[in-house]
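Good morning, and thank you for joining. Please have the sequence and the structure open.

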Amino acid sequence: MKTLAKLFFVIIIFPNIIIAQTSKKKYEYNIDLLHMSDNEVSVSFTPPRNNLKQGKFIIPKLVPGFYQAMDFGQYISNFTATDKNGKKIAAERLDKNSWLVEDLKHVSKISYQVAGGWNSLKQDTQGAKSPGSMFKKDSVSVINYNSLVGYFEEIKDVPYQINVTKNKDFYASSALDYKKKNENTDIVWAKDYQELVDSPVLYCVPDTTWIKIGHTEVLVSFYDKKERHYSQKIARELETILKNQQAYLGGTLPVNKYAFLIYYESSNERGYMGDGLEHSKSTICLYSAGNMNFLPDALSRVASHEFFHIITPLNIHSEEIQHYDFLNPVMSKHLWLYEGMTEYATIHMPIKQKMISLDDFEKSLEEKIKGMKEFDNKLSFTDLSKNAMERQDQYMNFYQKGALLGLCLDIRLRELSDGKIGTQNLMQMLMKKYGKGKYFNDDELFDEIAKMTYPEIRTFFKDFIEGTQPVPLKESLTKAGFNYDESTGKVSLLPNPDSKQLALRKAWLGQ
Ligand SMILES: [Zn+2]
């Protein structure tokens, strides 16, 4: 009994000590979404305890997933630091996204105003008016914390506590767990800045549906001014896609909770416009259109691509992404992997899971081939990746040529392994080696993959991804019993494939 009692004591007390210690060192933020003036949000915070003479406060220039400067700091005004008696402490704006705060150890509060972002989606999708920014209307708030919250360069890797004051009827849809403190206040914790920024939230009167995919709880949250019961319809569509993705990924998904946050607004424009941004455990989608009929289909396509990002870069990524520099980000060489392989999985999964016919698959390849022709295909993909910020004109080719390179890599792997290994297996192997919390060295990835698979794969990378040789599409497709007419861009089945071609096609596409 004595031992039991002692054990009990230890188990109960020990975690409390840990909480008490860590809670001293944290950023505690207050964000007021309820009382806005001039369309600006009031934000204040207490910095973590420190002994610093001064500190450099940073609001991101850029966030992961974007490749052009967004300068979220430009929306911040009235930056003020005060001590515990409310006396002002000197703070100076250094540039668009950073401030120098003197005598940081005595600062007890920093406050500022954040301009409310955009009013209408169609107005502008450039800069901070995007799925990476923050905005608020009377009945909804879309929050990306990179717009509202910052950090001191000298005090990184500490937890965040955020207190949000909001309309009492609003619900927080997010991959993070929001706790209700009182009618008008929610509290949320994040283990560090990266996790906070990686977890957007949609605040509105809830229209939410939960679905379960394997062991993963998936939240589908929808906002439209008028339509308040739409999440169920979308969730039904997404469920089919997600279950097939789960099977395609070998049966288990590397997340326990995932959230789709969907904002919709009606417009008088013809067609629709939309934008999405993927995160480790959520995707945010913004749409504007004349009517909602297109939504289930459009969302399925977006969801399919974005959800596959749970594999890469969210699980498999380089140090540049693991230790992301929000002020001066360094680009990785491997956008062929992050975007190219993700987009390839998006077009390969439906045929592999028998959701579409061979005919439809050929059409999706033709679309990619046509898309690729809009770009300069003589550029090295690793160079282009490093310079993605400067080469915005070529960036979209990672979704076109990038996906086709994924296809050629898949076929090459199947060829070398007698059909046993393809890119699906490769991604699983990479996830085992570089999954959660780990990262690869940008310069070593190609050698590592070659070691894990075949030396010939190193040559593939050298020729087609580092190098500038054209995508070996005709050669690859022929090996799998397809004819690719380079002059017309048409893909069709070879009339008389031999047994080798048929076997490779079967291993690659399951048919
Ligand atoms: Zn993507």
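In what order do the five strands of the open sheet stand? The order is β17-β18-β19-β21-β20, and the pairing is mixed. The edges are held by β17 (208–213) and β20 (272–278); each has a single partner strand, so one side of each is left without a neighbour in the sheet. On average, neighbouring strands here are turned by 15° against each other, direction ignored.

Before I continue, a word on conventions. This is a predicted model, in which local features need pLDDT of at least 70 and side-chain atom pairs count only at pLDDT 80 or more, while totals for chains, interfaces and linings use all residues. Residues are numbered from 1 along each chain as its sequence is written, and side-chain values use heavy atoms, with hydrogens and water left out. Helices (H or I, at least four residues) and strands (E, at least two) are DSSP runs, numbered from the N terminus, and two strands pair if DSSP finds at least two bridges between them.

As to confidence, pLDDT is the predictor's confidence in each residue, from 0 to 100. The mean for the protein chain is 89, and 91% of its residues reach 70 or more. Over residues 1–22 the pLDDT is below 50, and this stretch has one contact beyond near neighbours in sequence; contact means heavy atoms within 4.5 Å. Residues 125–129 are also below 50, with 12 such contacts.

Returning to the sheet, β19 (residues 257–266) and β21 (residues 282–289) pair in the parallel sense over eight bridges. Within β21, Ser 288 is the bridge partner of Glu 265.

Which residues have the most contacts inside the largest nonpolar core? They are Tyr 112, Tyr 145 and Trp 336, in a core of 152 residues. Such a core is a set of buried Ala, Val, Leu, Ile, Met, Phe, Trp, Tyr and Cys residues joined through side-chain atoms within 4.5 Å. Leaving aside neighbours within four places in sequence, Tyr 145 contacts residues including Ile 31, Tyr 178 and Val 201.

Next, Ser 380, in the loop between α7 and α8 (381–386). At 8% relative accessibility Ser 380 counts as buried, which means under 20% relative accessible area, against over 50% for exposed and partly exposed in between (1.4 Å probe, protein chains only). A polar atom of its side chain lies 3.2 Å from the backbone nitrogen of Asp 383, and one lies 2.8 Å from the backbone oxygen of Glu 466.

Finally, helix α15 (residues 499–509), where the buried residues include Gln 501, Leu 504 and Trp 508. The buried residues of α15 pack against elements among them α6 (335–352), α10 (397–416) and β22 (482–485). At its start, a side-chain oxygen of Asp 498 reaches to within 3.1 Å of the backbone nitrogen of Lys 500. Gly 510 follows α15, with a positive phi near 75°. Gln 501 has a relative accessible area of 13%. Thank you.

Notes:
Axes fitted to C-alpha atoms, helices over the stretch in contact; angles between N-to-C directions. Polar contact = N/O pair within 3.5 Å; in protein donor to acceptor, adjacent residues only side chain to side chain.
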